[in-house]
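Student: I would like to go through the ring and core assignments in this model. Please set each value against its cut-off.

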Amino acid sequence: MKKTVFLFIAFAFFGMVKAQNTNFTFNHIALSVKNTDESATFYKDVLGLQEITNNTKINATRWFSLGEGKELHLISILKEPVTINKAVHFALTTDNFDAFVKTLEAKNIRYSDWPGTPNKISLRADGIKQIYFQDPDGYWIEVNSVGNK
């Protein structure tokens with residue numbers, strides 16, 4: 001539970017720092033994973049993320065580019081279980097939303113709308129499409145069509 005609260009606070013903090021006129025910008029998100037190789041394969045094959053140099057040189061850590069200098073770090077050094085729920089997620093946008101949904105379907109990866117209806121796409125009031133799915137460790141990922149608006 002503590003990790004879920006921490007992740008929520010961290011996401012809220014990153015959303016506020018720009019509004020406070022500070023010089024902070026978002027750098028990376030780190031996820032505690034059970035198996036870095038399995039998770040790395042998922043992020044490469046499903047999301048097409050490019051692996052980058054792990055500057056820590058810690059073997060149980062893999063780094064990926066999210067573009068624009070932002071990174072995803074997969075870390076497998078802590079063994080405590082992580083409590084996960086859909087409200088704690090990270091979101092990616094794509095200008096090819098429909099093709100990405102077809103990729104998930106071709107790879108037999110289950111996705112849903114926000115309420116959890118399988119294979120259903122959420123449509124926000126502003127016309128943005130959204131889906132939610134989980135990585136091998138259960139982390140929730142949102143993919144949306146903000147780039148198409």
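Tutor: A charge sits over a ring if NZ of Lys or CZ of Arg is within 6 Å of the ring centre and within 35 degrees of the ring normal. The model is predicted, so local features need pLDDT of at least 70 and side-chain atom pairs count only at pLDDT 80 or more, while totals for chains, interfaces and linings use all residues. Residues are numbered from 1 along each chain as its sequence is written, and side-chain values use heavy atoms, with hydrogens and water left out.

Student: What makes K86 a charge over the ring of W140?

Tutor: The charged end of K86 is 4.7 Å from the centre of the W140 ring, against the limit already given. K86 also lies over the face of W114, at 5.6 Å from the ring centre.

Student: How many aromatic pairs are there?

Tutor: Rings of Phe, Tyr and Trp (its six-membered ring) pair if their centres lie within 6.5 Å; planes under 30 degrees apart are stacked, over 60 edge-to-face, and the rest tilted. The count is four aromatic pairs.

Student: Why is the pair of F100 and F133 called tilted?

Tutor: Their ring centres are 5.9 Å apart and their planes meet at 45°, so the pair is tilted. F100 belongs to helix α3 (residues 97-106) and F133 to strand β7 (residues 129-134), so the pair ties together parts 33 residues apart in sequence. Helices (H or I, at least four residues) and strands (E, at least two) are DSSP runs, numbered from the N terminus.

Student: Why is F100 called buried?

Tutor: Buried means under 20% relative accessible area, exposed over 50%, and partly exposed in between (1.4 Å probe, protein chains only). F100 has 12% relative accessibility, so F100 counts as buried. F133, at 1%, is buried too.

Student: What makes the pair of W114 and Y132 edge-to-face?

Tutor: The centres of W114 and Y132 are 5.2 Å apart and the planes are at 65°, so the pair is edge-to-face. W114 is in the loop between α3 and β6 (122-123) and Y132 in strand β7, 18 residues apart. W114, at 41% relative accessibility, counts as partly exposed, whereas Y132, at 4%, counts as buried.

Student: Which residues have the most contacts inside the largest nonpolar core?

Tutor: A nonpolar core is a set of buried Ala, Val, Leu, Ile, Met, Phe, Trp, Tyr and Cys residues joined through side-chain atoms within 4.5 Å. The largest has 24 residues, and L31, Y43, I131 and F133 have the most contacts inside it. Helix α3 gives the largest share of this core, four residues.
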